[in-house]
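Here is a short report for a first look. Please keep the sequence and the structure in view while reading.

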Amino acid sequence: MWGVSLFALLIVTSFFLGAEPLAARECRVFNKLMTLTLASEEMLNYLRTGSNSRAVQELERFLSNTTKTELHRDMQREELNELSRATHNLIAQQRSLLRVLSIKDRRTAERTSIKLFARETLAAYRRELARMPCQNAHKKGTTDGILGALPALGQISSTTAAAGSLGLVAFGALCFILFERRMTTLKRRRKRHTCNLDCHLLYAEEEAEATLLDISQEGAKIKSDVICAVGDKISLNLPKDAPQVDLSGQVQWCNANYFGIQFKDRLPREVVKTLAGFRRAPSPAKRGFARGDTPPDLETNSAVSG
């Protein structure tokens with residue numbers, strides 16, 4: 001059973017390692033465009049307030065890692081051609097602001113952004129981007145995150161998505177294997193073995209005869225004339241020639257002269273098999289004689305006929 005489960009896990013793992021999730025393929029370019037939007041907005045906020053100077057570095061890093069040719073090809077493949085011109089205009093505008101900022105100062109770059117209607121352009125681009133198929137993947141609320149998290153947001157690759165899917169599948173398979181092993185262990189512990197062994201039952205400082213009908217690692221079924229209730233604690237004394245083990249426990253159910261107990265301590269499997277296979281030696285016959293023995297001499301009464 002374990003071999004089959006592990007083999008199935010290996011098959012599922014290899015499948016997910018070789019497959020790229022559909023959602024990752026469809027939203028890859030959208031993630032890049034959303035990162036461009038967020039980085040541009042942080043850049044404009046820096047020009048206006050002067051806080052968070054890392055926005056400039058993040059935008060420069062994104063633009064240096066994203067080539068125009070590659071972005072255009074990806075947008076064509078994912079049928080985002082209607083955003084192509086607006087995307088190139090936004091990138092060109094952000095590059096211009098970065099150039100002014102490097103040559104002049106922040107104030108000059110801010111005045112340039114106002115002349116170029118940079119905020120209006122960015123707002124219009126965001127509205128266009130929100131109409132794309134993957135718009136539900138990134139809501140407007142993501143803009144109030146930290147800019148340091150932008151690379152993780154925008155660079156969600158197919159490898160990352162595949163690794164996440166693989167992790168979920170492996171975790172589910174592991175849980176299934178552990179559950180299967182647990183159920184197998186419980187079934188083995190609770191397997192009943194027919195016993196039919198006479199014993200003595202100790203209950204409330206009284207002793208009575210009883211019969212151990214069947215036994216498992218966790219409990220036993222008993223027949224006795226003693227009246228017990230659920231929750232009562234009892235113990236069994238086995239015959240002297242039987243294996244001596246502690247068979248004390250708590251009553252779990254009652255039905256007329258039959259009741260079941262759960263042992264205080266779980267019995268080893270070998271002990272349960274020994275008790276199930278135990279057979280008492282037959283007591284010597286009190287009357288008669290065994291087959292093969294020589295019968296005692298009987299007095300002979302001879303009758304002699306005339």
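## Surface and burial

In this predicted model, the protein chain has an accessible surface of about 20000 Å². Carbon and sulfur atoms account for 54% of that surface. The chain has 306 residues, and 35% of them are buried.

## Overall fold

The protein chain holds ten helices and six strands. Take the contacts between residues at least 6 apart in sequence: 65% of them join residues at least 24 apart.

## Helix H5

Helix H5 covers residues 84–103, which makes 20 residues. From first C-alpha to last, H5 reaches 29 Å. That is close to the 28 Å expected at 1.5 Å a residue.

Several H5 residues are buried, among them Ser-84, Thr-87, His-88 and Ile-91. Further along, Gln-94, Leu-97, Leu-98 and Leu-101 are buried too. An α-helix has 3.6 residues a turn, so residues three or four places apart point the same way.

The largest nonpolar core has 31 residues. Leu-33, Met-43, Leu-47 and Leu-129 have the most contacts inside it. Five elements are listed as giving two or more residues to this core: helix H2 (22–49), helix H3 (54–65), helix H4 (68–77), H5 and helix H7 (118–130). H2 gives the most, with eleven residues.

Another core lies apart from the largest one and has 24 residues, including Cys-199, Leu-238, Leu-247 and Phe-259.

Technical notes: Residues numbered from 1 in each chain as written. Predicted model: local features only at pLDDT ≥ 70, side-chain atom pairs only at ≥ 80, totals over all residues. Heavy atoms only, no water. Helix = DSSP H or I, 4+ residues; strand = E, 2+ residues; numbered from the N terminus. Buried < 20%, exposed > 50% of the residue type's maximum accessible area, 1.4 Å probe, protein only. Contact = heavy atoms within 4.5 Å. Areas by Shrake-Rupley, 256 points an atom, 1.4 Å probe, with all protein chains shown as cover. Expected span 1.5 Å × (residues − 1). Core = buried A, V, L, I, M, F, W, Y, C linked by side-chain atoms within 4.5 Å.
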